[in-house]
Amino acid sequence: MKFRRNHWLILLTTIVTAQSPYNAVGYGILMDAPDAASVGFSSTGLIPSMDSRFSTSNPTTWTDLVFTNLTGNYSNQDVSSGDYRSGFGTLSSVTFIVPISGKYSIGLGMAPVSRKIFDLVGDSTTVIFSGDTLSMSKSLDGSGGISTLFGGGAWNITENHAIGARFDFLFGVYNEHTVSHIDYRSSEYARRFAYKGTFLAGYYRFVNDPKARRLSVFASFQVPFGEYYIKRTDFFEFIDPDPQPRTEFVLPTTLSGGVIYRLLPTIHAGAEFVSRSFNSRQNPDLNSLDGNMGSATRFSVGLLREKVFGSRDWVDWFHYRVGFFKRSHYIDRLKDGLTEVGFSLGLGIPFGLTQNQLDFGLRVSKRQGFLSVTPESITQLSVGLTLGDLWMVKGKRR
Amino acid sequence: MSRFLIRVLILSSMLLVSCENDAFVTSLDHTLLTTHEASTTSFRFKTYQVPPTLGGLQRIYLGKKDGIDASRSLVEFESHEILQWSNIAVDSGHFQFTLDTTYSGLIPEVNTITMGYFRRDSNFAELESNYSNVDWIINDYPKLSSSFVTDSMGLTHLRFPLDSATVETLADTAEGSWLYLLESPEDVGYMLQFYASESPVHQPLLRTFLHRNSSESDTSESGDSTRVFLGSTDVTLFVPPNLSSGQFDSSFSYLGVATGLVTIVKPDITELNIPREATIGRAKLSLPFDVESSAGVALDSLYFQAYALEDSVSDWSWGEVLTSDTYEHHSATFARSSSSAPMGSILKLDVTELLQSVISGRKDDETTIFYLGFKLKMINSKTIFDYAAVRSDSSAAGQPLLEVFFEVP
């Protein structure tokens, strides 16, 4: 039963991204942001993007909520490069947040961390053996990835300072399947990787003016914590599965910083910087294709125009977002890195009295790297629905 | 259901999946799969001899050739109990064996070929009986004499005439059916070939001439008629020359059908360092033959096959003579090689599946296939008297060689 429940969770958070050959290296492409609002703002979720104060990913922003909040996001990603095209989409993340007295907050959720979805075909070759010409070809596909089940909380120490913590339990399964054809024979191999690990992240928020919120500064530091390992099992066609000894689940340390600044009463500018580095070399067994794991950086800027309360002009009823980002991914080959540049657009539609909101985020980017001459074009569309409720908020007795 | 739960369900209904996937073409040369080539010339050979068990052939042999004694063949016919019916009176009959039209050898003028008959023993089995396991044949039994006749079609038949009393005796199966033993003298200069019951034409037969008994109340006309009963099973009990008889050279390994010669070959695959999880892409076993020491029409008409052994070989000495084949082999398709005939004087057998099975320890009918060596058998030849000699040393023709192309994940 436990096994089935885990698979349901994996299904919910695993099949979220289009396949890319880069997913065959390391842990695959690490996800940027799981929610539609952050997608539209080009951020990773450290700085607020739902409005100028709230992000589902940063616990220090949760204390500003009035209502208990449930958010779900759907993502669809399309990757194309030359004649190659791939697309996939489904529910990507869920977050449940409970603010407590405007001073504390707790929340939990689930989100994808990385994906290893790919389908590769190698060129056919021939080899002369003992006077025979043997034709050889291979195909390689992968599915699965790493997801996180997180819980966090925050505390407004003072009106200006808030701190938060987030604990991520990383889990996931990745299946790699290789089919090799040698002349009339074909053979199949498979490897299954089961990931387990934990992250601990600390968050800090500073607001210079708690009422006007002209400037808010955010920082977070995420480190691997506790026990983290990978269990690999090799599968062969004719012999029994061969469980391998546990290997190290090399996890990165991530430092993030960001600001959001009120330019005009309803217009806010945000900037965010993320630096990620792996403390040790990656276990090469994880690679389906050759590649190295190193450090990664990400920079983004965005503009947010918030809803104008009380306006009769329908244009003022929505949140508008636009953003730009540039990132270098953590995987490379022979110093030939993988970079991505893109921009985004977003729209938030608040409705109801309990801070409900429907968000749309569209991000278009180009990814240039070591596996293909033609850059990959990536289009991601995310839709998020946030529902507020008085659930767990004590009401007045009549 | 609470409003909150309904909202959760609505959220879950967003699990809309849209997908479109093409495979990405890239170089997969650097994947974890690596290909390797390995070969070995280190071999062990063992030639041994078993009684040839050759029931179910399309021919019945009788005589002696190249030291192979085929002076006895066991034959069974369809039941002829019907001849015991009271309204049938048997006049006479004969057993008939038709000589193969391709036979061009000597036909004995003074016919000394006989056919005895006795009650069938329960141990008789067409596909299992051979000269070493028919000690149930009794010493004293009635024998029929024979003569050769040529019919208007030009076919030569060996006939054993029967009088009515003998036919009636043979029709009486109350104490069991009859088994017939076709016999020739031991030292003869011929090896006759007759069509057997497996042949599509001219099978052995028992032809009876009879008429219907007329009674006072029977107003129907009585008339002569003929009734034919075909042969149902037959096996020639070949007795090959003993391996130690001097006819065979112990420096070669031999393979033959009527000679009962089998060779076990064991390449040293530890030299190849193939891991258990490897996939064999192609494995080829090359064996040079010695034309001079082989006996046959042409080597390229002989077909061979290799099998995985079930039992280990403890005695690798040349020339063991066994009363039954104790070195049993697996019969699954993946536990044997494809069949092949030599090209020139080199036999190249594709042992890919066979080697894969022993490397990976695949299971055949719940039994793990271990690497105990390969049993080489001649499975087809122009005549069953052919045998071939395998060279185990290096010569101008080459040397025994196992080449393997494999992939390691």
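Strand 5 (residues 118-121) of chain A runs parallel to strand 2 of chain B, and the two pair over 2 bridges. Keep in mind that this is a predicted model. Below is a quick look at the contact between the chains, then at one sheet within chain B.

**The A–B contact**

- On the chain A side, 45 residues take part in the contact, and chain B puts in 37 residues.
- Several elements of chain B each supply at least two residues of the side that touches chain A: helix 1 (3-12), strand 1 (18-21), strand 2 (24-25), strand 19 (279-295), helix 3 (352-360) and strand 27 (401-408).
- Sorted by class, that side of chain B is made up of 14 nonpolar, 12 polar and 11 charged residues.
- Back at the pairing between the chains, A:Val121 has B:Val25, in strand 2 of chain B, as its bridge partner.

**An open sheet in chain B**

- Three strands of chain B form an open sheet with the order 6-5-14, and the pairing is antiparallel.
- Strand 6 (68-70) and strand 14 (191-195) of chain B sit at the edges with a single partner strand each, so each has one side left without a neighbour in the sheet.
- On average, neighbouring strands here are turned by 25 degrees against each other, direction ignored.
- Strand 5 (residues 59-65) of chain B pairs with strand 14 of chain B over 5 bridges, in the antiparallel sense.
- Which residue of strand 14 of chain B is the bridge partner of B:Ile60? That's B:Phe194.

Key: Residues numbered from 1 in each chain as written. Chains lettered and ligands numbered in written order. Predicted model: local features only at pLDDT ≥ 70, side-chain atom pairs only at ≥ 80, totals over all residues. Contact = placed C-beta atoms within 7 Å. Helix = DSSP H or I, 4+ residues; strand = E, 2+ residues; numbered from the N terminus. Nonpolar A, V, L, I, M, F, W, Y, C, P; charged D, E, K, R; others polar. Pairing = 2+ DSSP bridges. Axes fitted to C-alpha atoms, helices over the stretch in contact; angles between N-to-C directions.
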